[in-house]
Amino acid sequence: MKLALVHDWLNQRGGAEDVLETLVDMFPDSPVYTSIYAPDLMPAAYRQWDIRPLWINKLPGIHAHHQPYLPVYPLAWGGLDLSAYDVILTNKSGFCHGLRWSGRTIHICYCLAPTRYVWQLDAYIQREGFGKLTQAGLRPLIAALRSWDLDAARRVTHFIAISTEIQARIKTYYGRDSVIIFPPVDTTRFQPVSSEQVEDYYLVVSRLIPYKRIDLAVQAATQLGLPLKVAGRGRDLEKLKALAGPTVEFLGYVPDEQLPGLMARCTAFLFPGLEDFGITPVQAQAAGRPVIAYGGGGALDTVIPGRTGEVFADLTVESLVNVLRDFDASRYDTGVIRRHAEQFDTAVFKRELLAYIEQAVQTQQQA
């Protein structure tokens, strides 16, 4: 089976790249097609991969600022023909599903999200704080991109969603059915500690950007005088510091090797934003710690109220404060939390994805 991996862009590392790394591990002989690739901004291990960027990779400044080139992406992806492959596996949150193929090639789209700024434009504008002039120029462009995006989605052979939330969006925006295969989480990195080793602090691990809603956690902890550690960097750092009281500590970047211990020792992990899935809550649960999350998006698949944590109903400080005020970490069984997290392990992802691909190929051959 000749298989190609396709990824939107490689100039920053996040959850999408975690998925890609697992896909490369599963299919080490498959090339990775992507729009842009900035080796200096990505892990050194990527330089051992067969990465094949599109022609837009040579456009000036695109590695550092790829958003201004959004109108060009459909043209670039639309010019890529992968008909020579038996299976195309796109790891999509942007436009990479818009490539071309023909014949009996199967295109399976692992959908991290329907393109957010195309289908949730108002939320994107509010989050980025665009002025009226920028909005006026953006809306007709987005309307054209939406039409292209929908046409591209209609040509995909099979959709896989990363969560119930994304499955619903695929149906709403694209009119397509999908199955759910949760993203891979390396739960083996995270192990519970004894109750005597758990310390008195709540924890956030996140990029510090607006839609993550770290402001809710900072304000709630400040209001209640609860110790909160915030791990991560981002453009919201100074704003968050201005909101924080003396019980909030900003750790900055925390190396990967220190995260398991930091998670295992916290009272509870806070996940205050609306996310498509959310890997960090699963990591915290793999470490045996309960999670307090906003009750929407991917958290509805990963946090079980009363068993592995709690959810708060509204994206407000008051809603989170109400949950934190009554929270008692001793109510939750570490073993139950850990076993729940294991269903999201990388091994489960690999097994389910391979079975899905094999079934799709078999069905195609019998047609």
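This is a predicted model: local features need pLDDT of at least 70, side-chain atom pairs count only at pLDDT 80 or more; totals for chains, interfaces and linings use all residues.

Tutor: Y294 stands opposite F312 in β13. Residues are numbered from 1 along each chain as its sequence is written, and side-chain values use heavy atoms, with hydrogens and water left out.

Strand β12 (residues 291-294) pairs with β13 in the parallel sense over four bridges; pairing requires at least two bridges found by DSSP. Strands (E, at least two residues) and helices (H or I, at least four) are DSSP runs, numbered from the N terminus. Both strands belong to an open sheet of six, ordered β10-β9-β8-β11-β12-β13, with parallel pairing. β10 (248-252) and β13 (309-312) are at the edges with a single partner strand each, so one side of each has no neighbour in the sheet. From one strand to the next, the twist averages 20°, where axes are lines fitted to C-alpha atoms, for helices over the stretch in contact, and angles run from 0 to 180 degrees between N-to-C directions. In general, the strands of a sheet pair through backbone hydrogen bonds, either parallel or antiparallel.

Two helices lie across this sheet. Helix α12 (residues 317-325) lies across β8, β11, β12 and β13, at about 155° to β13; contact means heavy atoms within 4.5 Å. Helix α7 (residues 214-224) lies across β8 (202-205), β9 (228-231), β10, β11 (268-271) and β13, and runs at about 160° to β9.

K229 lies over the face of Y201, 5.1 Å from the ring centre; the criterion is NZ of Lys or CZ of Arg within 6 Å of the ring centre and within 35 degrees of the ring normal.

At its start, a side-chain oxygen of D333 comes to within 2.8 Å of the backbone nitrogen of G335. Within α13, V336, I337, R338, H340 and A341 are buried, that is, under 20% relative accessible area, with exposed over 50% and partly exposed in between (1.4 Å probe, protein chains only). These buried residues of α13 pack against α10 (279-286) and α11 (299-302).

Technical notes: A polar contact is a pair of N or O atoms within 3.5 Å; within protein, one must be able to donate a hydrogen and the other to accept it, and residues adjacent in sequence count only if both atoms are side-chain atoms.
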